[in-house]
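Here are my notes on this model, as promised. Please keep the structure open while you read.

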Amino acid sequence: MQSYLRFLVHNWSFLAAGILLSLSSSYGQTFFISIFASQIMDGFALTDGGWGTAYTIATTASAVVMIWAGGLTDAFRVRALAVWVMLALALACLMMTQAPGLWWLILTVFLLRLTGQGMMSHLAVVSMARWFVANRGKALSVASIGFSIGTAFLPIIFASLLVYYDWRWLWVASAVIILLTIPLISTLLRQERTPQAIAKEAQATGMDDRHWTRAEVLRHPVFWLMVPALLGPPAWGTALWFQQVHLAEVKDWSHVAFVALFPLSTAVTVVTTFACGWAIDRFGSARILPFYMLPFAVTFVLLFQAGTIGAAAFALAIFGIGQGLQSTLASAFWAEFFGTRNLGAIKAAAGAIMVFGSAIGPGISGWLIDAGLTFPDQMPGITLYFLFAAVCCTICAGVVRRKLAGAS
């Protein structure tokens, strides 16, 4: 405990910046945008499938651009890059208030997803994974608190404010909050440097005791074994948030009551995040990888069967375990498996797949809803997907552990 406190004290400014970066990504995350789903669909006369299609087009485009944009973290300091990304994110929030047509809506969602879910998340996790080696798991778990805070509180706050204020003014408020956060992050990183945790050691190598390039990673079977796991949580976790209004209606739950469960899920996420961070530093990410997908599979089985809001609470608690693993494990293994020198470019490729996953989840689920298959009815198939991804993760973990053992 004392060593953990020393770590927090010695690196507080970097860790606080990581929290703010991950928290600021919320305004481009699906759980936030979907708060306004009813207003958006009413305003543009969209069905569930139409809104899902628009969302898929915009998010897919952001995933393509993310492959290039994510690599900028290998060339520019976080302090400088974050300012421009946050200015673009604030602009996207303001654009949402002025959307004159469907094409403008798609452009706005594209910019929200690229800058918010894509680049802000990318900046937070890549900086932690690169700046810290011996304490990478701890750093990622601390920075991930920002994601948890956003998920827990922003839906409740903004859903409540929707009762009193026009939804467009809430997007203006979001832009103002982002702009006020910029000088705070700049101040925290005014002496941005490589922290002592990595300065005392060389940049960390990966498998075969070397730094891998993105091209080499894309040719390695480990990357492709991870693709189902990269796609799954963003696709179906995003669909869960995206279809929250529909799910509550089908289950005959109050939407506000369902949203009120999010802090419970977040609390479990926070606990799991810190536990996973400790486990990564102690055992390595390869040992945890086989269990990565299982909480998600259990979640959708429980939600499928849930008849009461209490049962939904239990399912979302299990979902929090999966989210906690996602917050740290998904960021740590790229640095551990392939080294840190080209981490931005490698993580950008993985991030693009994850963003693409978050694009297809709402689209597929919306199309199926329009076809008469409710989101709960889709959940058994989603469960089978996560079980398949778990098998791929287990095979991947075996390959990596042999490689890392051979290099040591």
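The points below run from the whole chain down to single residues.

1. **Basis.** This is a predicted model, in which local features need pLDDT of at least 70, side-chain atom pairs count only at pLDDT 80 or more, and totals for chains, interfaces and linings use all residues. Residues are numbered from 1 along each chain as its sequence is written, and side-chain values use heavy atoms, with hydrogens and water left out.

2. **Fold and dimensions.** The protein chain has 21 helices and zero strands. Both are DSSP runs numbered from the N terminus: helices are H or I with at least four residues, strands are E with at least two. The C-alpha trace spans about 55 × 45 × 40 Å along its principal axes.

3. **Contacts and surface.** Contact means heavy atoms within 4.5 Å. Of the contacts in the protein chain with a separation of 6 or more, 86% are between residues 24 or more positions apart. Of the 408 residues, 60% count as buried. Buried means under 20% relative accessible area, exposed over 50%, and partly exposed in between (1.4 Å probe, protein chains only). The accessible surface comes to about 15,800 Å², and carbon and sulfur atoms hold 68% of that. These areas come from the Shrake-Rupley method with a 1.4 Å probe; for residues, only the protein chains shown count as cover.

4. **The core.** The largest nonpolar core has 136 residues. Such a core is a set of buried Ala, Val, Leu, Ile, Met, Phe, Trp, Tyr and Cys residues joined through side-chain atoms within 4.5 Å. Phe36, Trp51, Leu289, Tyr292 and Trp334 touch the most other members. Helix 7 (residues 102-131) gives the most to this core, with 15 residues. Which residues does Trp51 touch, not counting those up to four places away in sequence? They are Ile33, Ala37, Ile40, Met41, Leu46, Leu105, Val109 and Phe242.

5. Gly146 lies in helix 9 (residues 145-161). Its relative accessible area is 0%, so Gly146 is buried. Leaving aside neighbours within four places in sequence, Gly146 is in contact with Ile19, Ser22 and Leu23. Thr269 lies in helix 16 (residues 262-283). Thr269 is buried too, at 7%. Not counting residues up to four places away in sequence, Thr269 touches Ser148, Gly320, Gln323, Gly324 and Ser327.

6. **Two positive phi values.** Most residues other than glycine have a negative phi. Ala45 has a positive phi, near 55 degrees. Ala45 sits in the loop between helix 4 (37-44) and helix 5 (48-69), and counts as exposed at 71% relative accessibility. Asp252 also has a positive phi, near 65 degrees. The loop between helix 14 (244-251) and helix 15 (255-259) holds Asp252, which is exposed at 70% relative accessibility. Please look at both loops.

7. **Arg214.** Is Arg214 buried, partly exposed or exposed? Its relative accessible area is 26%, so Arg214 is partly exposed. Arg214 lies in helix 12 (residues 214-218). Leaving aside neighbours within four places in sequence, Arg214 is in contact with Ile67, Ala345, Ile346, Ala348 and Ala349.
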